[in-house]
Every structure is written in structure tokens, then in C-alpha cells.
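Colleague: I'd like to learn how to read ring pairs and cores in a model like this one. Can we go through it together?

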Amino acid sequence: MAGGAFTSTGGETHYEAKITFTVIISCIMAATGGLMFGYDIGISGGVTSMPSFLQKFFPEVYKSTQEHGIESNYCKYDNQYLQMFTSSLYLAALVATMFASSVTRKLGRKQTMLTAGLFFIIGTVLNAVGNTLIVLIVGRIILGCGVGFANQAVPVFLSEIAPTRIRGALNIMFQLNITIGILIANLVNYFTAKIEGGYGWRISIALSGVPAAMLTIGALAVYDTPNSLIERGQEAKGLAVLKKIRGVDNVDAEFEDILKACKVAKQVKNPFRNLLKRHNRPPLIIAICMQVFQQFTGINAIMFYAPVLFNTLGFKSDAALYSAVITGAVNVLSTLVSVYFVDKLGRRMLLLEACVQMFVSQMIIAVVLGLKVQDYSQDLSKGFAMLVVIMVCTFVASFAWSWGPLGWLIPSETFPLEARSAGQSVTVFVNMLFTFIIAQAFLSMMCHMKYGIFLFFSAWVLVMGLFTIFLIPETKNIPIEDMNEKVWGQHWFWKSYMDD
Ligand code: BGC
């Protein structure tokens, strides 16, 4: 590392950098990719619980939601096509991710975000005008392509543009925007469900045009990252942008570190084969496991299907949508907790505390459902319904200050530059794969496993707690291009992977 222009305290290194206006604005703009993703996550659950939507596209499901005793409470919504309306987006995102890595590397972070914005706009238009289930699903597939590109480029953009000491906090802007997107979607559904005439669901879907336009304009306005410019041979421009975003003239140390990382990156011919090299395996294994774990917390059972789940418990349509707004709000507020603590308490502490909290709340939900929700009987009593909502909020809160944001942050900051785009692709790919699985399977799993579904998720939470204790290293305050030396090279288990 070049000397002079950085300070080092107790193993933590900082380059000279101010938190400039350009950095803040760039991050806000880029993070609207998260807003769009969140809106897509949050909108489908409410829409699929709206009677007018069900009546139009899923008449059998509509019938079983209207009459007690036809179908078990737990099975009312068990319909593969209904689940496909939600899940198709994630399947498409998964495929798009396979291309997103080379686009991010060859065309840069900025162009990739722009591409995502355009996909979002086209998908939204199709969804807003579609009159058949097929057109709606095609629209969701195109939105999914946008998600694949945005989730690839935005976290990498944020990690590269942020000064080290606030990298965690800025990166969580992405997650914060996901949660804000989900909350806005919940709120929109709450109001559009009340619109007479049965077309409220269409407004819900069409409003995703707003975040789509914001991302597109944002992508046009921001600078590409110095890392990406330099990687693509534009050294002088990269240096100029680095000075501009850091707000200081002396950026030599950081510039040299980026150059060094680029030199290594240039020697890589096949980025995906490179990912499998021994020294890249620790971040790769952690990225993959964190995505699987993140989805098997069961978070998206709540995010996608909260209104449906609350309906299942006997809440009326309005109360179900209202409760989804409450969980959505808890999600946003708790993510703010993470923004504050992630660079102070560190990543591990947040992950571990959350495992305990998630485990306890899921066990309580399982017990209440097990004892109180019978297959064909009517509603849960008010007190128990309240307890379930509180426990769902307790669960969502802990996810939101830990595995939610950190599931994206840790992979985006632990791969060396030569493997960063490819690593991020694998991260998004695995996330989308397991998001797809939960979206497609949850309602059927609930039908078969009943309250046991929450025991299933809590068992996963135990596994992820143990994984964190032994295998996830602390990356708080370590410069992004120093991870190999300062993190993996020092870890009791992963250091043996650093020999090459
Ligand atoms: C996850 C999403 C989830 C969201 C909830 C994100 O980190 O990737 O699957 O819906 O958090 O806030």
C-alpha cells in the first residue's frame, strides 16, 4: 500500500476522504435501485390478497377465500399460478444475473444501472396495461431482468464509491431503500384496495413506474466509480473522479491501491473460473451461504405473503393489509438501526443478536398457530392475533438490522476487485434462486406443514447462528482492497486459503 495519505489506528485503515455532496447524492440516486426492488417485493402480496384481482385471474382461489369450510385455513391460497405471479420475477432476475456481471465489468456500474432502469420502465408499462395473466407475468419477467441488473450493479457501486469509514452505512442505503419500497407498496395496497370498481390492484402495479423513472434518471446523473473507470482503462478520468468524490487532492494511496487491484483483475481471463480459485473461495462460500440463510429465515414468507398470511389467521382483508403496513414500517425503522450500528458494533454482533431474536419469535409464532389455529375453524382471538403480529414485527425487526442489509453488504465488500463483479453475480443469483423457491413454495408449504413451517425456518436460524460464530469474519473498518491481507489472512480457518 502507498504511504502517507491515510491514517491507521489499531489495524483500522482510512484513506483521506471527506464525505462529499457528490458521494451522498450518488448514493441516494443509486440506491433507488433498491426502492424499485422493494416495491416489487411488497406489491404482489397485497395485490394477490385483493378480492377483485383474485376474482379476475384466480376465481377458484377467490371462492375458497370467501367461504369457510371448503378449504383448510392453511390451504386457501395454495395455488401454483398464484405463486407464479409472485415468483416469476425472481426467476427472471436469476437468469438476468448471469449476464449482468459482464455488463457491469465491461460497460461499468453506471451503464448497468441504466439498463436496469429501462427494463423496469418497460416491465411497468406492460403490467399497467395488461389484461391477461400471461401479459402480467411477462411484465413481471421484464421487471425481474431489471432486478437482476440493479441488484448486481448498485451494491458494488455503493461499496466502491463510499469512503471506507462509512462504507457499511452507505451500502445499507440500498437495503434501506428496499425496505422503504416494500413499505410504500404496502401503503399503496392498503389505499388502492379501497378503490371502488375493482381496478385498485392495477394502480398498485402501475405506480412502480415512479421508482423505475428515478433509477433511470439517477443512473444518467451519477459518475461511474473510479474503480470501474480505471478497470476499463480510463485512468486519468478515474483519478479525476476519485479526487472529486473524496473532496481532497491527495488520493494517492487509494488510487495506487485501486491500480494494483486492477492490475490483478486484468490478468483474469475467465472471471467465473477465477472465482473458484482457492483464495477466492472464502468470500464465495460466505456470499453463497449468506444468501441461502437470508432467504431461509423466512423473511419473504412475510414480505410477500403477509396480507395472505394474516388473512389465513382470520384477519379481514382491511386488517390484513393494515398489519402488513405495520410490519413494513418496522422493517424500515429497524434498517435505520443497522445504518447507525453497522460500522460501530460491527457485522458479527448484529448477525448474532438477530439469530437469537429471530429464533425466539418464530418459536412463539409456531406455538400460537399450533395451539390456536385449527384447520377449519374461524378466526384467531384478538389477543392471540395481536401476539402473532407483535412476534412477526419482532422477527422482521431483527432481520432488518442484520441479515437483510448484511446479506448484501458483506459479499459486496469482501471479494477482491478481480472477483468482485462475478462474486456479486453469484450472490444475486443465489439470492434470487432462493427467493424464487420461497415465493413459489411458501403457500404450498404452509398448506402441508401448517404451523410447522415456522419451526422449519427457526431450525435454519440455529444453523446460521453457528455459521456466523465460526466462519463469518469481522469486516468493519477494513478498506475494501485490503480484505485478503487483513481479514481472510488473519482468520483461524480461512487463512489456509490465502496461500496462493
Ligand atoms: C432480501 C429480500 C427481502 C428484504 C426484506 C432483502 O435483503 O434480499 O429478499 O425481501 O430484504 O426487507
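Colleague: How many aromatic pairs does the structure hold?

Modeller: Keep in mind that this is a predicted model. It holds 27 aromatic pairs. Take Phe296 and Phe434: their rings pair edge-to-face, with 5.6 Å centre to centre and 75 degrees between the planes.

Colleague: Which helices do Phe296 and Phe434 lie in?

Modeller: Phe296 lies in helix α14 (residues 281–296) and Phe434 in helix α20, so this pair ties together parts 138 residues apart in sequence.

Colleague: What about Phe296 and Trp460: why is that pair stacked?

Modeller: Planes under 30 degrees apart count as stacked. Here the planes are at 20 degrees, with the ring centres 4.5 Å apart, so the pair is stacked. Trp460 lies in helix α21 (residues 452–471) and Phe296 in helix α14, so parts 164 residues apart in sequence are tied together.

Colleague: Is Phe296 buried or exposed?

Modeller: Buried means under 20% relative accessible area. Phe296 has 11% relative accessibility, so it counts as buried. Trp460, at 25%, is partly exposed.

Colleague: Now the core. Which residues touch the most other members of the largest nonpolar core?

Modeller: Among its 144 residues, those are Phe53, Phe120, Trp403 and Phe442. Helix α20 (residues 417–449) gives the largest share of this core, 15 residues. Apart from it there's another core of 10 residues, including Val248 and Phe255.

Colleague: Where does the charged end of Lys194 sit?

Modeller: Over the ring of Tyr190, 4.2 Å from its centre. The charged end of Lys344 sits over the ring of Tyr340, 4.2 Å from its centre.

How values were computed: Residues numbered from 1 in each chain as written. Predicted model: local features only at pLDDT ≥ 70, side-chain atom pairs only at ≥ 80, totals over all residues. Heavy atoms only, no water. Core = buried A, V, L, I, M, F, W, Y, C linked by side-chain atoms within 4.5 Å. Buried < 20%, exposed > 50% of the residue type's maximum accessible area, 1.4 Å probe, protein only. Helix = DSSP H or I, 4+ residues; strand = E, 2+ residues; numbered from the N terminus. Phe/Tyr/Trp six-rings, centres within 6.5 Å; stacked < 30°, edge-to-face > 60°. Lys NZ or Arg CZ within 6 Å of the ring centre and 35° of its normal.
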